[in-house]
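My notes follow in the order I took them.

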Amino acid sequence: HEPNPELSANLDGLYLFMGGELGRAKLEGDGSGIENSIQVLTTLLDGWNKAARQLQSDAAGQVGKGHVA
């Protein structure tokens, strides 16, 4: 697979956002930054899980067609 600069930049932005939120939560004693980070991470996890299931499905389809996965 080819590298995806746009995806990398988007993930970098999300990680920077979460780092800022967690830092703010620590400094201000405000749990909303932690909650925001959990929401972002949950969304990312759901996306990665969906992508993994799709790859598994695609690989199974290729094996079923006589291709090696």
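I began with Tyr15, which is partly exposed at a relative accessible area of 43%. My classes are buried for under 20% relative accessible area, exposed for over 50%, and partly exposed in between, with a 1.4 Å probe and protein chains only. I placed Tyr15 in helix α1; helices are DSSP runs of H or I with at least four residues, strands are runs of E with at least two, and both are numbered from the N terminus.

Before going on I noted the ground rules. The model is predicted, so local features need pLDDT of at least 70 and side-chain atom pairs count only at pLDDT 80 or more, while totals for chains, interfaces and linings use all residues. Residues are numbered from 1 along each chain as its sequence is written, and side-chain values use heavy atoms, with hydrogens and water left out.

Surface entry. I found Tyr15 in a nonpolar patch with Leu7, Leu41 and Trp48, with about 410 Å² of accessible area together. Patch members have over 30% relative accessible area and no salt bridge; like charges are joined within 9 Å, and nonpolar side chains (Val, Leu, Ile, Met, Phe, Trp, Tyr) within 5 Å. Areas come from the Shrake-Rupley method with a 1.4 Å probe, and for residues only the protein chains shown count as cover. Helices α1 (5–28) and α2 (32–64) each supply at least two residues of the patch.

Salt-bridge entry. I took a salt bridge as a side-chain nitrogen of Lys or Arg within 4 Å of a carboxyl oxygen of Asp or Glu. The count by this rule is three.

- Glu21 and Arg24 pair at 3.0 Å, N to O; both lie in α1, three residues apart, about one turn of the helix.
- Glu28 and Arg24 pair at 3.6 Å, N to O; both are in α1, four residues apart, again about one turn.
- Arg24 and Asp30 pair at 3.1 Å, N to O.

I recorded Glu21, Arg24, Glu28 and Asp30 as linked in a network of salt bridges.

How is each member covered? Glu21 is buried at 11% relative accessible area. Arg24 is partly exposed at 24%, and Asp30 is partly exposed at 29%. Glu28 is exposed at 55%.

Last, I checked what surrounds Glu21. Leaving aside neighbours within four places in sequence, Glu21 is in contact with Ser32, Gly33, Asn36 and Ser37, where contact means heavy atoms within 4.5 Å.
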